[in-house]
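My notes follow in the order I took them.

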Amino acid sequence: MQLVLLLVTIPLVVGSSFFQCGVPKVRVNEVIVRGRDASPGSFPWHTAVYHRKGRSASYACGGTLISATFVLTADHCVKDDNGYVLSPKRVFARLGVHNLNVPNLQTSQHHDIFTIHRFTESKQKKNDIALLELSTQALFNQHVQPACINREEDITGQSGVAVGWGFTEDDDLSPTLKAARMPVVSTTTCLEHDRDTFGQTLDSSLFCAGYTNGTTVCNGDSGGGLHVKRGDTWYVVGIISFTAPREDNSLLCKKDSYAAFTNVATFVPWIRNVTELLSLAERGKVTVREGQDPDPERHYPNYLPRTCGNFVVSRIVGGTSANLFEFPWMALLAYKDEVKDSPNYLCGGSLINKRYVLTTANCVYPKTPFQVRLGEHDLTTNRDCNPNDANDCAPPVQDVDIDYIVRHQRHDKRARSNNIALIRLAREVIFDDHIQPICLPVTETLRKQKLQRYIVTGFGRTEYLGDVSNVLVKATVPAVEHEDCQKLFATSRAALDESHLCAGSTEDGRDTCAGDSGGPLGYPVRYNGVRFVQFGVTSFGRQCGLGPSVYTNVANLMDWILANMQA
């Protein structure tokens, strides 16, 4: 049996704020019946994917823009003619293109590929899906917009529109974008039509669509999307994968046959993990919202308590166990375990008032906590007591459900910038000796303060590849100049900016480690007396204890914190 992958190469003619998807900015009052030329801007998410070979480049496939940095396409579109996966340097994408031969430089955008994400090795034409991560963010305008992602797994009977630059009914490659409406047919109908072609491939990850009267997708359309309109919003439901070959073995598509599409809904969990799109959040989970930029013309109320950071002086790498009651603002984020009933505590946080916990964006999505534990000191005991005085014990911990989470709207997981989030608790916390809020740098003096050292706390690993600590540990770490830190991380993907600060040392092994993310970095300073003020949130590092770690700069994002809190 021979299958036709809808791939073609033609010579290349050289020549945002709130996230919204699936809504073209160019209004076109047209009804798509069969195939027709698409109007410029009518499908602003459709992408042209090119392959480089030497100094030349050629159009290879279509794709669908789903965010400012990701294009959805077929897995076979990231392979060469011999089936080898291409290097990202050999692939690029063009957005806002209508005519392949005459690109409009005013509407089109060129983007190199940073990374190619593949679901797995596609077998028998299954799992024919890939994500292209753009090196630069797309600029949304009238001709460039993202499509929404369909989450309905069974779309049989629905009518969609396929778009592409593939071969037409005259066996000519179309230089202008074309669109054709076609229905999604049942698996039974597809198999009855051509069991030889589709019998070994169709499952929940694939579906058939089209007509058997000549209206179908063809070579050159591959990787593009099948889109369904619901209300005013377009959703990509399928990725054009393959069709039956002609009897003459010309490798061109069979015109009177259905085509196979990758079922996008089947791969939503994978797409969510790669792209971190909030619109793909698991249903029934805690809601994660995008934050908002502070309005410089508006004065935001300060919901942070004046009484905070009560520092009582009586294992993070190289650290020592913290004293009971020493860091009463320490929070643990609880995540549901798919196997056991007890939760996993994978990240930290800091209590900043009766309703909010501060943590990092990467700790809240795509894996989202459902609960926050406060007042914990030793995870192995039901009651935490002073090891030197059995009668000196802390009250029980408080496990508080989460109302919703606000993630910084410009969190960049590649650059690891703006790595911050606010967790709003479902109820007010009851303060006690072991549960108290930390101070934040709310004043200009605190925001500008430069310290020589910090104290960091957490329940993370006590050494690289070591065990997670069951007891809260602390470490004093030296501050590191921004320029010096940038040099140390020059080979990583991170581009350190004002939203980062560095602390740690290679000499004594004192550092944060896996499991410490989201926890506080601070120090006692003069503020309403002497208070413990949080200046950083544990973000990322290299290997535990082998150099400084990077923290989210709380002072730099103080305006964002105040703008995204409620009473």
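**Helix α3**

Which residues of α3 are buried? I noted first that the model is predicted. Then I listed the buried residues of α3: V268, W270, I271, R272, V274 and T275. The helix runs over residues 268–275, and six of its eight residues are buried, so I call α3 largely enclosed by the rest of the structure. I next looked for what covers these buried residues. The cover includes β6, β8 (109–118), β9 (130–134) and β10 (148–149). I also checked the residue just after α3. There, E276 takes a positive phi of about 60 degrees.

**K79, in a loop**

I moved on to K79. It sits in the loop between β6 (70–73) and β7 (91–95). Is K79 buried or exposed? Its relative accessibility is 10%, and the cut-off for buried is under 20%, so K79 counts as buried. I then looked for a partner for the side chain. The side chains of K79 and D75 are joined by a polar contact of 3.5 Å. I also took one distance across the loop. From C-alpha to C-alpha, K79 and V91 are 9.7 Å apart in space, and they are twelve residues apart in sequence.

**Strand β22 and its neighbours**

I wanted the side-chain directions on β22 (residues 371–374). Q371 and R373 point one way, V372 and L374 point the other way, and all are buried. Which strands pair with β22? I found β19 (residues 330–335), antiparallel to β22 over four bridges. In that pairing, A331 stands opposite L374. I also found β25 (residues 398–407), which pairs with β22 in the antiparallel sense over four bridges.

**R424, in a strand**

I looked up R424 next. It lies in strand β26 (residues 421–425). With a relative accessible area of 7%, R424 is buried. What does R424 touch, leaving out residues up to four places away in sequence? I listed R355, Y356, I402, D403, Y404, Q566 and A567. One of these, Q566, has its backbone oxygen 3.4 Å from a polar atom of the R424 side chain.

**The largest cavity**

I turned to empty space. Rolling a probe the size of a water molecule over the atoms shows where such space is left. The largest cavity has a volume of about 100 Å³. It is lined by 13 residues, and F325, F327, E376, H377 and H434 are the closest to its centre. I sorted the lining by class: seven residues are nonpolar, four polar and two charged.

**The second largest pocket**

Last, I opened the second largest pocket. About 510 Å³ of space lies in it. How many residues line the second largest pocket? I count 20 from the lining, with Q449, K450, Y454, L501 and N553 nearest the centre. Which elements each supply at least two residues of this lining? They are α4 (444–448), β28 (473–480) and β29 (500–503). By class, the lining of the second largest pocket divides into nine nonpolar, six polar and five charged residues.

Notes: Residues are numbered from 1 along each chain as its sequence is written. This is a predicted model: local features need pLDDT of at least 70, side-chain atom pairs count only at pLDDT 80 or more; totals for chains, interfaces and linings use all residues. Side-chain values use heavy atoms; hydrogens and water are left out. On a 1 Å grid over the protein atoms alone, a cavity is a set of points where a 1.4 Å probe fits but cannot get out, and a pocket is an open set with protein on both sides within 12 Å along at least five of seven lines; lining residues have an atom within 4 Å of a point. Grid points are joined across faces, edges and corners, and a volume is the space filled by probe spheres set on the points. Ala, Val, Leu, Ile, Met, Phe, Trp, Tyr, Cys and Pro count as nonpolar, Asp, Glu, Lys and Arg as charged, and the others, Gly among them, as polar. Buried means under 20% relative accessible area, exposed over 50%, partly exposed in between (1.4 Å probe, protein chains only). Two strands pair if DSSP finds at least two bridges between them. A polar contact is a pair of N or O atoms within 3.5 Å; within protein, one must be able to donate a hydrogen and the other to accept it, and residues adjacent in sequence count only if both atoms are side-chain atoms. Contact means heavy atoms within 4.5 Å.
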